[in-house]
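Here are a few notes from my pass through this one. Have a look at the model and read the points alongside it.

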Amino acid sequence: YKVLSKDDLIKYEKFLLDCADKNKDFDLFLEASNYIQSLGYNLDPAIKIKKINLLYRLKRYRDVVTEGGILLSELKGKPEEYPVAITLMDALLTLGEKDRVTNMIRSYDLLKVPEKYRAGIIKIYGKLYYNSDLYFASYIYLKKAMGLDPYLIKMDNLALFQLGLSAYKLKKYDEAIKYLLLAVNLHPDMIEESGEALYIIGTIHKDRGEMDKALWIFNQTAMLFPNTKGGALSKINLALHKKKDKPSEAIRELQAILSLYSYPDVRELALYNLAECYELANKDEDAMRTYRQFLSEFPKSSFYKNAYDALKRLEYKSIEKAYNENRLEETVVKVSNFLKEYKDDPLTKDAYDLAKRAINKILENNIAQKNCTMISKIWGEYKSMIDINAKDGTLAFEIAKCIYPSNSTEAITIAEYILTKLFKQFPKKEELINFLAKDYIANSKYQNIENLTMNYNEFMDKNILNDAIYKLVNWSYINKN
């Protein structure tokens, strides 16, 4: 390099370039071609095309776009334009720039494209349709391209996968298996795509009921391509095979998958099935926690309604369990949360009834202990759930006595309800009448006093009755009656 002239250096590098080309020494080829171009020498178009193709094979797609764009402008209108355009559009599609490809391919009329390159342009159409989720068009174009030039499609590391996946989307399962297996065999270096391809083949066998084949494929995918989405989904399917008979093993495997992979659809499937496995293993608290996590992370999932219904069912089951185990305060709290979450659901009526029964039991316990503080608190928080008619009104009367006089209005309302609706079967008639009479006398409720003295005087204490009559006489005198 120090001795040779520029012309000799170019000759020497061209010699190296030729050797590299013949020996398929890609690194030397790129090094020599770059050095020649740095010396200001314009390489032959054929060498530049080889360089573009080599950059594509090495997955240096940005370099393909940069150098391919320059070369394409140099070759505009020449036959060599087509292979460069095809490689450039392949690179752009790989980079996700389908809009640029759409604009580029419009300039190529299929009828005017030389037959030698027609399959390549048709292939680009097929890949473009695949990237736009138009699987029928993708299948038609890629299959047409393969018919015109089988080698071209087989050597394109993405086109063959996309042909197989398009066939799968169209439920052409035998063709899908054929193309996907061919893709994996020809391009095992396409790790992510190979994992997905084998997983789909396993899924086809599973859907056909061929579980032995499916499990074998899933197992191979998990071993050969463990770090791919297809590998992760295969592991989920292996775990799900143990779901009913060995839920504890399935739980361990699904937990491991969730800790290893961050693919959203892998997490969605693993998390939902983990919750179901917990439920099958009768680990209801873990199941509810996992269902809640799933609903929070995947509100648009196709499994959302199933998870929602399962969580509702388990939460109601936990309410029943708490009530049956006499955890009454916990029952009431659980029902309160349940009513907020599922307010329009038919199950809320059953939950509400359980809460009412729990509250009445709590009241009975506190009445037995004469715990007026607790009784007043329960009334304040859960009055709408308390059954006034329970035990012929005795529970309600004890509440009235506890909340009087701090909440005299509600206390008297309860007592008057018992008087008008439940008096016949109410066991503590004298106590009720005297309770009301004292309040009426203290608050000069003359019409109420008159009602008691006229209709219930046999239940009144003698002194209270005398006070009531005196109150009425005094009121009559004042009113000149």
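1. Start with the contacts of Lys-429. Setting aside neighbours within four places in sequence, Lys-429 touches Phe-423, Lys-424 and Phe-459. Keep in mind that this is a predicted model. Lys-429 sits in helix 24, which covers residues 429–442.

2. What about the charge on that lysine? Lys-429 is buried but has no salt bridge. The nearest side chain of opposite charge belongs to Glu-430, and it is 7.4 Å away; a salt bridge would need a side-chain nitrogen of Lys or Arg within 4 Å of a carboxyl oxygen of Asp or Glu.

3. Next, Ile-200, in helix 12 (residues 191–207). Is Ile-200 buried or exposed? Its relative accessible area is 7%, so Ile-200 counts as buried, the cut-off for that being under 20%. Apart from neighbours within four places in sequence, Ile-200 is in contact with Leu-165, Tyr-168 and Leu-180.

4. Last, the surface. Tyr-151, Met-155 and Leu-186 make up a nonpolar patch there, and together they have about 320 Å² of accessible area. Leu-186 belongs to helix 11 (residues 173–186). Leu-186 counts as partly exposed because its relative accessibility is 35%, and patch members need over 30%.

Note on methods
Residues are numbered from 1 along each chain as its sequence is written. This is a predicted model: local features need pLDDT of at least 70, side-chain atom pairs count only at pLDDT 80 or more; totals for chains, interfaces and linings use all residues. Side-chain values use heavy atoms; hydrogens and water are left out. Patches are made of residues with over 30% relative accessible area and no salt bridge: like charges are joined within 9 Å, nonpolar side chains (Val, Leu, Ile, Met, Phe, Trp, Tyr) within 5 Å. Accessible areas come from the Shrake-Rupley method with a 1.4 Å probe; for residues, only the protein chains shown count as cover. Helices (H or I, at least four residues) and strands (E, at least two) are DSSP runs, numbered from the N terminus. Buried means under 20% relative accessible area, exposed over 50%, partly exposed in between (1.4 Å probe, protein chains only). Lys and Arg count as positive and Asp and Glu as negative; His and the chain ends are not counted. Contact means heavy atoms within 4.5 Å.
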